[in-house]
2 protein chains.
Amino acid sequence: MAKQITSRAENYSQWYNDLVVKAGLAENSAVRGCMVIKPYGYAIWEKMQRQLDKMFKDTGHENAYFPLFIPKSFLSREAEHVEGFAKECAVVTHHRLMTNPNGPGVVVDPEARLEEELVVRPTSETIIWNTYKNWISSYRDLPILVNQWANVVRWEMRTRLFLRTAEFLWQEGHTAHATKEEAIAEAEKMIGVYADFARNYMALPVIVGHKTESERFAGALDTLCIEAMMQDGRALQAGTSHFLGQNFAKAFDVKYQSKDGALEYVWATSWGVSTRLMGALIMAHGDDNGLVLPPNLAPIQIVMVPIFSNQEKLPMVLEKMKEIKASLEKLGVSVKIDDRDNVRSGFKFAEWELKGVPVRLAIGARDLENNTVEVARRDTLTKEVVSADGIVDKLVKLLDEIEKNIYNKALSFRDSHLIKVDTWDDFKAKIEEGGFLLCHWDGTAETEAKIQEETKATIRCIPIDSCVCQEEGKCVYSGRPSSRRVVFARAY
Amino acid sequence: MAKQITSRAENYSQWYNDLVVKAGLAENSAVRGCMVIKPYGYAIWEKMQRQLDKMFKDTGHENAYFPLFIPKSFLSREAEHVEGFAKECAVVTHHRLMTNPNGPGVVVDPEARLEEELVVRPTSETIIWNTYKNWISSYRDLPILVNQWANVVRWEMRTRLFLRTAEFLWQEGHTAHATKEEAIAEAEKMIGVYADFARNYMALPVIVGHKTESERFAGALDTLCIEAMMQDGRALQAGTSHFLGQNFAKAFDVKYQSKDGALEYVWATSWGVSTRLMGALIMAHGDDNGLVLPPNLAPIQIVMVPIFSNQEKLPMVLEKMKEIKASLEKLGVSVKIDDRDNVRSGFKFAEWELKGVPVRLAIGARDLENNTVEVARRDTLTKEVVSADGIVDKLVKLLDEIEKNIYNKALSFRDSHLIKVDTWDDFKAKIEEGGFLLCHWDGTAETEAKIQEETKATIRCIPIDSCVCQEEGKCVYSGRPSSRRVVFARAY
């Protein structure tokens, strides 16, 4: 088979790039840093979107849409926000092209310069809070629980498909509340939704925690995150939820009249996940044969390959497959019959392995005689011949089992690379091996920066859901007292 | 009620603007020409998207995503295409802002000028065909049937919410085929999908036809369209499907090897509908009380308002409502119980009328005693008290009846404003009254331009599905012979 990919052991980074391209998920475009998401990759993203969108609606949120462009002056309104995003903005300066007077093609029309430059949104807090100003006057207008599915642009210098691209797709929730407590509860609720999604749909055992001050979103008072471990032991931040305090309400003068008539600034949150999740999904579960998709997000959950040794029997084999397919589809299982006649079964097997389809069914003439089917699992790469009786039920159960197995495999990998480290020498040695180091930290940005400088490791989060961290100790770097452990790792 | 809107008779254009804003569908943003689509408006758009997406998939299409930015030089590759779009492009020239050295805020960093300017996509033929070049080498790679849901930007000077905005949301299908016949069939199939959607979901009786050469999409050999009639007799182009020939394949050098080994250029189509459909929906069916939504696209299909004359009985009324709601939701009907206690029933009635909810149910204490409910129809503004027995079935049937009635009302309006005109004097008089004029035309761009100059009417289409047009005659303007009638109208 031509679609050989580099092995993880040989070069993990190259393995990832090969996989994304060869499995038909995405590719680089002619525009620096912008990717093309190919149909198979987009189908996975759509399944993510559908599920997340349902979870947002189930928690009371509505979708809306705000402009792609942000007036340059809006960005400056919140000091930390502009600091965080100004250096990576795509800036629209003109609104017209004209025929090149000095040669072929078109040039920017110098007469069509915008009065104020527009920034392609890197995130939408500013344009949204400028809008909320007109939506909010009384406590009766609150809360506003709005989400947007959109594209955003951050001009990254070093890009990688899905993980870091100049343009990416995401959702951004932007909520407005009457009280601080309610906003904090919302930010916590939404990181919970993300963790639930990561665990139960992506089969990713994430750690939920707070970012340190230096790792916070530009403009937030608190950033919550979910951190996943990749197979090289590195961390990948898979989603964030921010408590923004009253920063944006103050920047855009958004006040509400409370029940007792007082004028108060509104409290805010924002939260988002992006096509970066695709990178997490690929890197967490893939193997040297290709993608391994959790059934809950697989565009094709079961693929059926007829075995062509006996051409005469082929129509009967296909008949049998269609029958099973129809029953499975009634139960909401997505099935594909690969009846191509120009490639061999072995080629098909390898291709669907590469594409990570959870279950492969093969049926040949002998299976018809014996009333059997061959069932192959993508997660374990095992196969067995089973009776065709009750096959639909068996397959449905198997999908469930595979989803759990992929999660458990990732969980045991994660847990075996979650290491308590108490000395600086040990830290320097262990960080080279990869994994999450649970260490004491003295709580200062200075120590955090020093550790990063010396080891490239950052504090991924201060976990909120891991009791193993709740113990006193001494900072692994400075030796100063610490009330709890935090998670250090090198990260994507 | 405060949300008074201008009547259609008084000022149709103002009526539309009032309605869009006061029904909470959309509003202008701080960015010139860009709108904010508010949650209620977006919910309608989502229903459109869901249904269209299903229809695209049912006809074999897959979704993908291509970059927001298009290198300036790509646009120039197809001569007519650049001519059509160069004058209304948002152009990105820089990728960084910096602190203003001479004052507050940020300025564009002159050091961060892009080597080649990027255009925010006004449509994606060029970037997509540049991509297809790498996807296509053999006839086995064809057809490619891809759709993209995306935002696009066309720098319009005069904008109107939904109808014409600088940024809008749309889908654009881009297909690649081995033969001319197959590409033409695809373009026809997709205009058929749009017509089906318009008729059966939007309750819009559209006319399907070909554009004249001067009204074609920039770069197309043929443009098919669906044209809807608004209540002022003007036309609104609601969707287009283009046969692009080999123009983009030639511009981007996309060839395939045919079965017999020859190298051939690939044939193309593209097709799209946008948030403009929202404008059509509003303008076609709304009345002086507000929106009138066809049940198939209404985010809330039935609203229930408890009548508060008897506070004691309120819990029982709500109980009854919840029971009906649960039964309706099982059948896929979306229901809202408006149990707000800070506004009167009359206010609620007016608000849900404004928002176009197809059916309103009111239940009071007396209804409980009599086992009745009051059912009000938004389309006819009639109400009646009916027995609560079998109410769920009655409501489901009623929704269906309303969908049909809204369509039929629009159809009879359209048909009564579809007029055969055979003299130039008659043309000039009738065009002032509004409506679609079925006229003979000599087939020249010159006559077409003259008629537009004198009357502001354009040829909306050369219908493909209306036998009334298939007759010989003389051009209404030049008197030269004509083989068929075409549709003239003033248009949005």
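Predicted model: local features only at pLDDT ≥ 70, side-chain atom pairs only at ≥ 80, totals over all residues.
A:Tyr65, A:His95 and A:Leu97 supply 12% of the area that chain A buries against chain B, more than any other three residues. Between them, the two chains bury about 5,300 Å², with 66% of it on carbon and sulfur atoms; buried area is the accessible area (1.4 Å probe) that two parts lose on being put together, summed over both. Local features need pLDDT of at least 70, and side-chain atom pairs count only at pLDDT 80 or more, while totals for chains, interfaces and linings use all residues.

Two salt bridges turn up across the interface of chain A and chain B, a salt bridge being a side-chain nitrogen of Lys or Arg within 4 Å of a carboxyl oxygen of Asp or Glu. The side chains of B:Lys57 and A:Glu46 meet in a salt bridge at 2.9 Å, N to O.

As for rings, the count over all chains comes to 38 aromatic pairs. Here rings of Phe, Tyr and Trp (its six-membered ring) pair if their centres lie within 6.5 Å, with planes under 30 degrees apart called stacked, over 60 edge-to-face and the rest tilted. A:Trp129 and A:Tyr132 make an edge-to-face pair, 5.2 Å centre to centre with 70° between the planes. Both A:Trp129 and A:Tyr132 are buried, that is, under 20% relative accessible area, where over 50% is exposed and in between is partly exposed (1.4 Å probe, protein chains only). Elsewhere, ring pairs join A:Trp45, A:Phe56, A:Trp149, A:Tyr194 and A:Trp271 into a cluster.

Note on methods: Residues numbered from 1 in each chain as written. Chains lettered and ligands numbered in written order. Heavy atoms only, no water.
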